[in-house]
Amino acid sequence: MDYLVEAFRAAFDLIVALDADLVEIVGLSLRVSLSAVLIAAAIGLPLGAAVALFDFPGRSAVIVTLNALMGLPPVVVGLIVYLFLSRAGPLGVLGLLFTPTAMIVAQVILVLPIVAALARQAIEDLWAEYREQLVSLGAGPLRAIPTLLWDARATLVTALLAGFGRASAEVGAVMIVGGNIDHVTRVMTTTIALETSKGDLALALGLGIVLLLLTFAINGAAEGVRRFARARMA
Amino acid sequence: MTGRLRHLPPTSAGAFADAILPCRFAGVVYEARGKRLIDGLDLEIVAGPRTVILGPNGAGKSLTLRLAHGLIHPTAGRIVWQNRKLDGAGRGPRRQAMVFQKPVLLRRSVAANLDYALAVHRVRGTARSRRRDEALARTGLTAYARQSARTLSGGEQQRLAMARAWALRPQVLFLDEPTASLDPAATHAIEEIVQAMHAEGCKIVMTTHDLGQARRLADEVVFLNRGRVVERGPADRFFERPESQPARDFLAGKLVW
């Protein structure tokens with residue numbers, strides 16, 4: 001029991017003192033995960049809206065694929081990205097392996113299906129309500145898509161949160177493509193895994209607490225935004 | 001309705017350099033899920049008189065409006081506007097508008113709903129704000145401009161739908177039972193707007209189950225049954241001396257076969 005109490009005390013000391021290593025790791029983690037979510041949102045939201053609006057051969061297969069990819073195993077994604085970015089791989093010339101960029105790429109692949117699939121569902125529901133009115137006004141699909149994305153914004157925040165949760169909690173893919181290099185690609189999850197295996201529980205626990213607090217803070221803020229938007233839009 | 005409708009000088013909606021009427025249905029058939037819902041409909045909609053489409057449930061009234069407005073397309077037959085086959089729904093600004101039984105309002109403010117419609121119709125700058133403010137004033141909604149459209153009452157929401165249609169200055173306005181779920185005061189307000197738009201030269205084509213409303217608003221009646229035109233004529237004659245048995249049964253409140 002003393003052992004646990006001691007570990008928690010050391011973890012809080014690190015957080016309160018704003019330990020340089022801890023701050024650096026948290027900063028990189030946020031940079032990687034938020035970049036991945038932003039890129040996934042830029043691609044996934046219009047993609048989900050387009051799948052919701054357009055009828056095309058193979059649409060059902062696309063929907064099934066998007067839904068299935070929400071459960072992509074991170075280590076498999078990490079392995080595939082590794083194969084593409086390794087020196088012998090087709091994108092090896094870019095020299096991205098073991099960089100934060102490679103980690104962002106891997107996380108985009110993990111987050112994109114979540115954002116696209118949840119956006120597709122939200123937009124499809126709203127399109128069922130709006131379709132006749134928008135067509136009546138003369139709004140074509142290119143105008144309808146941003147309209148629907150904007151009007152579904154309260155729901156889409158949830159999709160982005162789910163994506164961020166996936167990215168920030170993920171360890172397998174970033175470990176493989178980032179290499180967990182100190183001061184270069186070490187993020188919260190990979191550090192927690194490493195420090196736990198080394199028996200240094202203070203840093204691992206400190207980062208675990210920060211990760212939980214960040215998750216609560218971001219979800220709380222998003223819920224506030226969602227409530228505000230809902231209240232204004234009724 | 002809070003406050004009376006403001007009576008402003010008429011807009012220039014009455015003078016159309018590029019008129020889209022008449023609209024002709026020629027042998028139009030519409031089928032869905034293996035059922036023939038519109039069965040060889042022949043109909044001409046001409047500029048001028050307010051046309052009210054009557055008929056029992058399932059007669060094809062709403063489908064007729066949706067076909068004319070291009071929201072659905074005929075399975076067979078042709079719909080021709082001013083000698084042009086028009087199937088351009090969703091392809092840029094249109095010179096017709098439609099108000100539905102349940103108004104569909106965007107999740108934004110009252111004013112933003114009008115701005116959006118005007119933007120789709122490529123009305124920009126001061127012209128947009130002028131037409132928006134004018135439509136709000138004419139429908140008694142100026143005080144609600146900044147309010148979320150979804151927080152309005154049912155009657156106010158339908159007035160906003162009318163304001164949105166009015167702002168677009170359509171040549172033809174289709175109304176699909178626009179007062180079906182409204183109280184008498186809200187119904188009266190909508191009817192006033194319809195009258196005002198017609199006075200400015202907008203062709204009104206409307207469906208309703210409210211025979212009193214049909215008597216108040218109709219210049220001519222098209223009576224449908226089973227997807228076909230059974231009878232058509234001036235409103236006075238239709239209500240006084242219906243020519244067909246289905247129309248007589250309908251007016252007498254009997255089941256129409």
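**View 1. Helices α2 and α5 of chain A cross at roughly 35°.** In this predicted model, the axes of helix α2 (residues 20-53) and helix α5 (residues 100-137), both of chain A, come within 5 Å of each other. The crossing of α2(A) and α5(A) is right-handed.

**View 2. Helices α4 and α5 of chain A pack at an angle of about 135°.** Two packed helices are described by the angle between their axes together with the distance between those axes. Here helix α4 of chain A, which spans residues 74-85, has its axis 10 Å from that of α5(A). At about 135°, α4(A) and α5(A) are therefore oblique to each other, and α4(A) passes α5(A) in a right-handed crossing. On the α4(A) side the contact is made by A:Pro74, A:Val77, A:Gly78, A:Val81 and A:Leu85, while α5(A) contributes A:Ala102, A:Val105, A:Ala106, A:Ile109 and A:Leu110. By class, the residues of the contact of α4(A) with α5(A) are nine nonpolar and one polar, with no charged residue.

**View 3. A:Leu134 is a buried residue in helix α5 of chain A.** A residue is called buried if 20 or more other C-beta atoms lie within 10 Å of its own, and A:Leu134 counts as buried because it has 24 C-beta neighbours inside 10 Å. Leaving aside residues up to four places away in sequence, A:Leu134 touches A:Ala139, A:Ala144 and A:Thr147. As for A:Arg153, the separation from A:Leu134 is 19 residues in sequence and, from C-alpha to C-alpha, 18 Å in space.

**View 4. Helix α6 of chain A has buried residues covered in part by other helices of the chain.** Within helix α6, which runs over residues 141-151 of chain A, the residues A:Ala144, A:Ile145, A:Thr147 and A:Leu148 are buried. What covers the buried residues of α6(A) includes α2 and α5 of chain A. Two of these buried residues, A:Ala144 and A:Thr147, are also touched by A:Leu134, whose place is in helix α5 of chain A.

**View 5. Chain B contains both helices and strands.** There are eight helices and ten strands in chain B, and buried residues make up 46% of the 257 residues in this chain. Among the contacts in chain B between residues at least 6 apart in sequence, 69% join residues that are at least 24 apart.

Key
Residues are numbered from 1 along each chain as its sequence is written. Chains are lettered from A and ligands numbered from 1 in the order in which they are written. This is a predicted model: local features need pLDDT of at least 70, side-chain atom pairs count only at pLDDT 80 or more; totals for chains, interfaces and linings use all residues. Axes are lines fitted to C-alpha atoms, for helices over the stretch in contact, and angles run from 0 to 180 degrees between N-to-C directions. Helices (H or I, at least four residues) and strands (E, at least two) are DSSP runs, numbered from the N terminus. A crossing is left-handed if the near helix is turned anticlockwise from the far one by less than a right angle, and right-handed if clockwise. A residue is buried if 20 or more other C-beta atoms lie within 10 Å of its own, exposed if 12 or fewer, and partly exposed in between; C-beta atoms are placed from the backbone. Two residues are in contact if their C-beta atoms, placed from the backbone, lie within 7 Å. Angles under 35 degrees count as roughly parallel, over 145 as roughly antiparallel, 65 to 115 as roughly perpendicular and the rest as oblique. Ala, Val, Leu, Ile, Met, Phe, Trp, Tyr, Cys and Pro count as nonpolar, Asp, Glu, Lys and Arg as charged, and the others, Gly among them, as polar.
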